Amino acid sequence: MSFPSCSSCEDKIEGSREFDVLLLDVVDETLTQIFRDVGVRVIYASFEQNCQLKREEIPAKPDAFTVCLGKLLASAAPVIEKLIVKSLYRKCGVEYVESAIFNFSDRVKELKKMCIMKKKESSKNKTEAESQAFRNMSSVVSSSSTNGCRAKEFADLYDGILRNLQVGLDVWRLENPDDAASFKLIFTNEAAEQLTGTSTRDFLGKYMREVLSTAVNTRLAECCAEVVRSGRARTVGDVPYRGEKAVQRFFSVKVFPLPENCVGVTFEKAHGLKTDDERIEKLKECFLRFRGDPDWNINCLVALAGELLGATYALYNHVDQGLFCSIGQWNTSPDFNAVDKPEGHICYDVIKGVGKEVFVVRNLPETVYAQTDPIVKRYKLKTYVGKAVTLNGVHVGSLCVLYREDVKPTEENKKLLGLIAAAVGVEEEHRQAILHMQDSEEKFRAVAASVMDSIIMMDDEDKVVYWNPAAEKTFGYKLAEATGKDVVKLIVPRRFRKDVQSMVKRLKRNSKEPNHETSFEFVAVRKDGEEFQAEFSLTFLWLKGKRLAIGIVRNVAEQKRMEKALQEDEEKYRDILSRLQSLLKSSGLMLRTTDMCKRLKIIAEAVREQGWGRVVISLRDENLNTTDIVSAGLTKKEEEYLKKHQSPGHVWQKRLSSMFERYRLGEFYYLPWSDPLVQEQFKHALTSKVPKAETVDWNPDDLLYIPLRLPTGQVVGIMSMDDPKDGRRPTKNSLAPLELFAHQAASAIENARLIQQLNNANSQLEVYAKHLEEKVEERTRNLKESEEKLRSIFTASPNAITATDLNGNIIECNEQTARMHGFPSRSELIGKNSFILIAKKDHEKAMHNMKKTLEDGLMKNLEYTFVTKDGREFPAELSTSVVKDASGKRVGFVAITEDITERKQIERQLLKAERLAAIGELAAMIGHDLRNPLTGIVGAAYYLRTKLDLKMEPKAREMLEIIEKDIEYSNKIINDLLDYSREVKLEVTETTPKLLIREAFMLVTVPSNVQVINLAENEPKLKVDVEKLKRTFANIIKNAFDAMPVGGTLTIRCKQRDGDIAFIFSDTGVGMSKEVLDKLWRPLFTTKAKGMGFGLPICKRIIEAHGGKISVESTVGKGSTFTIIIPIEPKIDGGEQIWVKMPESLSSMTTKA
């Protein structure tokens, strides 16, 4: 850009005043706009740095001013020229078009020609006048210019520019560099007077503290001093600058550096004083600048909040994965810490709060946030104004504006902050949606890569966009090969493509209709040409804003194979269950008889009913020699043949040794006749009459047998079977029920032996009693003659012998009678009635038998309940006869009493053992056998759940949930059965009563209507198996809760007793009747709707395993009290583990589970 010389300017101005007006208007308008945008600091910096010329020296040095302004305009020429040309184009109504090379004179001439052509249609006078103006302007602008223009005109122009700026301008000089409050006002313009309503002469030459209020002076002085030190411009924000005492207006203040410790301060009306319409327009402009990036949009909104509210800083903070993140920032320093721990930050309290109002904190240095929020002290903040940002009704962040001065926000400002916070919430929702979409896409690809089915993603033209590794493996094409190809042409044989394409189109068309088809079967083909049956299902997915079809291809053959396997498992389970029911029925019949032969016959028939034509059971002694044989399905000749050709014990020892281990099927031995070893060892085996043609794979000469073993390992018999009805070879699964039954049969045989031995003992006892009676009769006849002999018999007899008169008064007895009934000597009994030795409940029975004895003369084996001197009752067996004198007259009775307490205990133990043996054996065996099919059902249900869950109908899903719940319940029953049949192994550790009770409560849920009073203490320390006792106590506590359905109190106490500790559980529940208490410890007894009745029996075993005992007291309607007594120090022979075998009643008839 060039300016004319002084002489040529004068000539042109004299020639055309119109151009002068136009030129001055354009220049004034252009330069004023420049100075308003960039601040007048450019002029000051140029004067003071380049010319060493201060503002007040300009009138006295016009030449220096002209030179300086010329330099300034010359350096800014390209920019100013373009601005002037654009302004001229606009005033002339012509559109400005950018060009690659800009030349000021050429563009002005071009504009002149365009304006002349445009104005030709107007009046001639107007056209001539306008053309003359443009010619004058062109001649002035295009003429050469030098820096020799008159200084007065440029000085006037410069002064006019400064004084006519639309923004207020003050220049402050720092008089004392060590005192930030020593800034003095040295210049101000007319706009400052108009904006503030003050006079220039009132403030020129005064210090800042005299012009501004204390708060504004302190803040502005610090800012100006910082600008002087750093040389960088700063934005102060909205403050009541120079207007606080007059019109009380806020101004947007900016400070920039000038030489010689001076600063320029420009100020205009603050954004906070804009009208609502202006604010809304600003917000709209911000919305129009939005991009697809929500983070960028949030930063725009944060900046808008800071600008419109005149803040020092503005932030948007968000808590992400436990960290406090400043996602949006405005006017912060480069070293601002955008990530921190959330605790202590003001914004974090706003996010945690539930209020909807704007949160304002003033005088921050005096609040707790000065210590907890790091930015308060670091950035010298005094006011915080924040608003929570919500997403779906939940606070997710906080938008805040921060001030370095004390600011009281107006209601309009609060509403504006709330409006911007709502906009930030919308962008936050957009941001979360993008993150969710990215996460969903990653999850989809991760799931697709891990599933076994082929997943194919297709576009609208059925072309492959993506398919997973399973599809690569199934069809043989890599992802790169398949991408972009038609999926039907790729995986369907040519002859089926048309049908498959129509099916795919139909699925797409009907995808939005209810109850539409979701899959179909088709023939698929691999890359190598191999075809296979497959199922195709279709669904849809939105990914990156596009709706994509997802095809899932499954190999139907594999699915059908799994279904068939599941069906076979169900059939096996039903068959096993049916056979077990039959065997259980036979077990009941077997337990009803104590005769050995009858039991063996029942066992043989039960096995025969399982599908075997001939069954032979041979009893064996300890050397495996045969003691007896029972068979089913054999003829008399075959039975006689077997008895004559029995193999000796040592042969059977070989047959059960490792030599025949390869023939084992579980515990059975299956020996095919085709094996030479079998033919050699079984030369005299009984041949079968079944023709080989009637069998499938069973050879009529094949052999099958199983040793009948006790839990101790002793073999009590051999059971062999022949002629299967289905003609097939046995398998381990088919023999499993018989294997269980074999264990029970072994126990039944052993029990029958014990019973037989007991009967033999009773027979011997009867013989002895009979003999003794004969002796008594003989001695009675010769009583007077052989009293000493009789006395000897009385004294030596192991049984109690009592002689009474006909009224039952004791006239003689032996010492054994006194000992049996707890008397110190027999003399105390002489003369007393014998009924004092019998329990009152049996007195009537004794009177009846006494009369009958008088009639019959003799009665044997009469059972009574006798009592001791201290009242203890015990069972005894009495045999009595009438005593006659020499004349045959009845003079009294003589009775022999045998204490049968031990025998009764043995009988009860045997009966109980027999019943519990069946339970224990079947518990372990059934538990193991049921777990195998149950495992298969679990696997099948899991497969159906994982593979068909998304496509499964509600009814099918409901049925699957029923299966899973019943599986869980069945597994619990099996675990209870196994726990009851297992031996108890204690793992002893040290603990305290209180800790035991507390850990037991962790296994149960306390009902809300039940109060628990735990009085257990930390002393004494005891050594127990913590896990087993926790389970025991939890069972007792759970039962107590169940006994209090309407609420109550459970009290737990501990007492130390002579090396033992007693745990006492008392509830206020419904209580138990005597009938329930009598059966409480029996397995399979329960009063609950669900359960097997093993809970308390298992608890009892665990307590007894610790050497303790458990008891219960209960009153119907008042509650129950369980008392558990455990030794504090268990008796351990080395180590910290105790193997506790079954109770004696079970030790010989249960197996390890």
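**A side chain and its backbone partners**

A polar atom in the side chain of Asn 814 lies 3.1 Å from the backbone nitrogen of Ile 801. Before I go further, please keep in mind that what you see is a predicted model. The side chain of Asn 814 also reaches the backbone oxygen of Asn 799, at 3.0 Å, so that Asn 814 has polar contacts with the backbone at Asn 799 and at Ile 801. As for its place in the chain, Asn 814 sits in the loop between strand E24 (810–813) and helix H30 (815–820).

For contrast, please look at another loop residue, Arg 494, which is found between helix H21 (487–491) and helix H22 (497–509). Arg 494 has a relative accessible area of 68% and is therefore classed as exposed. Its C-alpha atom is separated by 9.6 Å from that of Val 525, which is 31 residues away along the chain.

**Rings and charges**

Let me turn to the aromatic side chains, for which the count comes to 19 pairs. A pair of rings is described by the distance of the centres and the angle of the planes. Phe 522 counts as buried at 6% relative accessibility, and Phe 536 counts as buried at 4%.

Another edge-to-face pair is made by Trp 652 and Tyr 705, with 5.2 Å between the centres and 90° between the planes. Here the two residues are 53 apart in the chain, Trp 652 lying in helix H26 (residues 649–655) and Tyr 705 in strand E21 (residues 703–709). Trp 652 is buried at 9% relative accessibility, and Tyr 705 is buried with a relative accessible area of 2%. The ring of Trp 652 has a further neighbour, in that the charged end of Arg 655 sits over this ring, 4.7 Å from its centre.

Elsewhere, Lys 845 lies over the face of Tyr 864, at 5.3 Å from the ring centre. There is also an aromatic cluster, formed by Trp 467, Phe 475, Tyr 477 and Phe 532.

My last topic is cavities, and the count comes to 11 of 30 Å³ or more. How much space lies in the largest cavity? The volume is about 310 Å³. The largest cavity is lined by 22 residues, of which Ser 834, Ile 838, Met 850, Leu 878 and Ala 895 are the closest to its centre. Two or more lining residues come from each of helix H31 (843–856) and the strands E23 (800–805), E25 (858–867), E26 (873–884) and E27 (890–899). What classes of residue make up this lining? By class, 13 are nonpolar and nine are polar, while no charged residues take part.

Terms used. Residues are numbered from 1 along each chain as its sequence is written. This is a predicted model: local features need pLDDT of at least 70, side-chain atom pairs count only at pLDDT 80 or more; totals for chains, interfaces and linings use all residues. Side-chain values use heavy atoms; hydrogens and water are left out. On a 1 Å grid over the protein atoms alone, a cavity is a set of points where a 1.4 Å probe fits but cannot get out, and a pocket is an open set with protein on both sides within 12 Å along at least five of seven lines; lining residues have an atom within 4 Å of a point. Grid points are joined across faces, edges and corners, and a volume is the space filled by probe spheres set on the points. Helices (H or I, at least four residues) and strands (E, at least two) are DSSP runs, numbered from the N terminus. Ala, Val, Leu, Ile, Met, Phe, Trp, Tyr, Cys and Pro count as nonpolar, Asp, Glu, Lys and Arg as charged, and the others, Gly among them, as polar. Rings of Phe, Tyr and Trp (its six-membered ring) pair if their centres lie within 6.5 Å; planes under 30 degrees apart count as stacked, over 60 as edge-to-face and the rest as tilted. Buried means under 20% relative accessible area, exposed over 50%, partly exposed in between (1.4 Å probe, protein chains only). A charge sits over a ring if NZ of Lys or CZ of Arg is within 6 Å of the ring centre and within 35 degrees of the ring normal. A polar contact is a pair of N or O atoms within 3.5 Å; within protein, one must be able to donate a hydrogen and the other to accept it, and residues adjacent in sequence count only if both atoms are side-chain atoms.
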